[in-house]
Amino acid sequence: MRISKILKILLSVLIPIALLYFIYTYVDIDYFLKSLKTLNYFHVIVAAFFLWWTYIFRLYRLKILFGINKLSVFYGITTVNNFLNRTLPARTGEISLPILLKNYVGIPYNKGISALLYLRIIDLLALFILFFLTIGFVDFTFASKSFVIV
C-alpha cells in the first residue's frame, strides 16, 4: 500500500475520533439533548430545503460554465468546496475549486482560477441586484432629523 493511501485511511479515522473527543469534553450533553427537544424541526426542514437548492443552483452554474454534463461530479465538487470554504480560515477554501476541477473533471488550473473569479463576480452582481431590489421595500420613515443615512 502506498503512503498516501495509508495517510488517507489514518486521517479518516483520526479526525472523527478527535471531533468526538472535542464534543465530549467541551459540549454539555444534557444541554445539547435539551436543545434538541425544544428545536422547531419545521424550520430545520425548510432551511435544509433551501440549502439543498443553493447547491443545485451552484451545480448548474458550473455545468453551464464548463458545458460538461457530469452532474454528480459537479455536486461533489460543489459540496466539498463549500465545506472547505466554511471550515478553513480566511476563505482559503476557495483555492480548492480549481484543484477539485482539475482532479475530477480535468479542467486546467488556469481555467479553474478564471472560473472561480468569474463565479465570484457573478455572485457580487447577484448581491447588488438583490440589494437594489430590496432597498425599495425598506421603510425609512422611522429616521428622525438627527439620524442621517449615508
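The structure holds 8 aromatic pairs, a pair being two rings of Phe, Tyr or Trp (its six-membered ring) with centres within 6.5 Å; planes under 30 degrees apart count as stacked, over 60 as edge-to-face and the rest as tilted. In the pair of F49 and W53, the ring centres are 6.2 Å apart and the planes stand at 70°, so the arrangement is edge-to-face. The model is predicted: local features need pLDDT of at least 70 and side-chain atom pairs count only at pLDDT 80 or more, whereas totals for chains, interfaces and linings use all residues. Residues are numbered from 1 along each chain as its sequence is written, and side-chain values use heavy atoms, with hydrogens and water left out.

Both F49 and W53 belong to helix α3 (residues 41-66), where they are 4 residues apart, about one turn of the helix; helices (H or I, at least four residues) and strands (E, at least two) are DSSP runs, numbered from the N terminus. Relative accessible area is classed as buried under 20%, exposed over 50% and partly exposed in between (1.4 Å probe, protein chains only). F49, at 44% relative accessibility, is therefore partly exposed, and W53, at 33%, is likewise partly exposed. W53 also pairs with F57 in a tilted geometry, with 5.9 Å from centre to centre and 40° between the planes. W53 and F57 are again 4 residues apart in helix α3, about one turn of the helix. F57 is exposed, its relative accessible area being 60%. A single aromatic cluster is formed by F49, F50, W52, W53 and F57.

A further ring interaction involves a charge. The charged end of K102 sits over the ring of Y109, 5.8 Å from the ring centre; the criterion is NZ of Lys or CZ of Arg within 6 Å of the ring centre and within 35 degrees of the ring normal. In helix α5 (residues 96-104), the buried residues include S96, L97, P98, L100 and L101. Among the elements that cover the buried residues of α5 are α3, α4 (71-87) and α6 (109-134), contact meaning heavy atoms within 4.5 Å. Just after α5, G106 adopts a positive phi of about 85°.

The structure holds 4 salt bridges, each defined as a side-chain nitrogen of Lys or Arg within 4 Å of a carboxyl oxygen of Asp or Glu. One of them joins R61 to D123, with the closest N and O atoms 2.4 Å apart. R61 is partly exposed at a relative accessible area of 24%, and D123 is partly exposed at 26%. D123 forms another salt bridge with R120, for which the closest N and O atoms are 2.6 Å apart. D123 and R120 both lie in helix α6 and are 3 residues apart, about one turn of the helix. R120 has a relative accessible area of 29% and is partly exposed. R91 forms a salt bridge with E94, their closest N and O atoms being 2.7 Å apart. E94 is buried, with a relative accessible area of 12%. R61, R91, E94, R120 and D123 are linked in a network of salt bridges.
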